[in-house]
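Please open the model in your viewer and keep the selection panel at hand. The tour below goes from one selection to the next and says what is found at each stop.

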Amino acid sequence: MNNWISRSALDRDTGNRDAAEMDAAWRDAFVLEVDPQGSFPSELGVPEELVPRGDRSNNDILLGRFRGRTWFARPVASLSKDDGATWRDVDAEWQEAVAAAVALVRWHALAPHCEQCGSATAPDGGGARRLCPVCGLLVFPRQDPAIIVAVLDPDDRLLLASQRAWPPERVSVIAGFVEAGESLEQACWREVAEEVGITLEAVSYVASQPWPMPRSLMLGFVATTQQDTVRPDGDEISWGRFWTREQLTHAVESRQITLPGTASIGRSLIESWLSGTLVRPVLPSRISNT
C-alpha cells in the first residue's frame, strides 16, 4: 500500500510516443505478457521478462520507464510460460508497472467504439489512448471509482464481513462502487448501511490505489459508528462482526479466518488498524471553519 501514497516509480512521461521514439525504446525494453484474464508470467509474484525478438508489434503498449528499463505490455491469448500470476499475487515492488499493464491490456481488449460517432477506434499514442479514424476523437481509459471503508465501533473494534461469493472464512472491510450523483463519502454511508445495516457517524479519507480488476480506482476510508450490531443483507454479505485486535490476531493465526491479499488496500486498512496507526475521523460538527 505504501507504494501508492508517494510519487510513482513508473515514469509515464514518454514524450510524443511517435514511431521513431517507440522503436528506440524497444531496443532496451522489458516486455510483459498479459492474457485476457490479467495474468502475467511470474515467479513468486515477480514479473518475468519476455526478451524482445524482431520488430515491435503494433499491439505492444508502451508503459514508461520503471526500474531503469522501458516497459511494454504485450496482449496475448495465452501466456508463453506455465507459471502465471494475477494482480492479487504481484510482489509489492512491482505493483505500479503491473497495474498499468493489466489495466491497459484489458481496456484495449474491449476495443471501445467512439463515444461521439460510434466508429471502431484504434490504439494510438503507444497504447495510452485510442483514436477514432472517422471523427478524430481521442478515447482514454476509464476508471470506475469504488470505496472501501474500515468501520470502527465506540470500543475501537473493526468491522469485517464475508461476501456470499467468497469462502466462508474469508473476510474484509466493506467496499462498493460509487453511484451516479454520489460523493465518495456518501457512497461509504450507503454501502455500509445497505450491506450490514450500520449507520455511520463520521468518515475520512485515507489513501487510494488502482485495482485493474478490471478498471477500478479504490478509494480507502475510515469511519466510525455508535452501533455494534451487524445485520448482513443476506444477499451480498453472508456474515459479519466487530473484532478486537486480540480476537482478530488469534483468528488469523489459528486460520479460522483469511484476510485480503497483500496487494489490496483492504489489507492495508486492516493492518493499519492492527498497528494502531489508523486515525479515527473527526465528527463533522467538530471541524473548525477557521
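A salt bridge here is a side-chain nitrogen of Lys or Arg within 4 Å of a carboxyl oxygen of Asp or Glu. Since this is a predicted model, local features need pLDDT of at least 70 and side-chain atom pairs count only at pLDDT 80 or more, whereas totals for chains, interfaces and linings use all residues. Residues are numbered from 1 along each chain as its sequence is written, and side-chain values use heavy atoms, with hydrogens and water left out.

Begin by selecting D60 and R74, whose side chains meet in a salt bridge with an N to O distance of 2.8 Å. D60 sits in the loop between β3 and β4 while R74 belongs to strand β5 (residues 69-75), so the pair ties together parts that are 14 residues apart in sequence; strands (E, at least two residues) and helices (H or I, at least four) are DSSP runs numbered from the N terminus. Both residues, D60 and R74, are buried, where buried means under 20% relative accessible area, exposed over 50%, and partly exposed in between (1.4 Å probe, protein chains only).

Next, select R190 and E182, which form a salt bridge at 2.7 Å, N to O. R190 is buried, with a relative accessible area of 15%.

Now turn to the largest pocket, with a volume of about 600 Å³. On a 1 Å grid over the protein atoms alone, a pocket is an open set of points where a 1.4 Å probe fits, with protein on both sides within 12 Å along at least five of seven lines, and lining residues have an atom within 4 Å of a point. Grid points are joined across faces, edges and corners, and the volume is the space filled by probe spheres set on the points. Of its 28 lining residues, select Q163, W166, A175, W211 and M218, the closest to the centre of the largest pocket. β12 gives the most to this lining, with 4 residues.

Finally, move to the second largest pocket, with a volume of about 480 Å³. Its lining has 24 residues, and R12, A99, A100, A103 and Q143 lie nearest its centre. Select α2 as well, from which the largest share of this lining comes, 6 residues.
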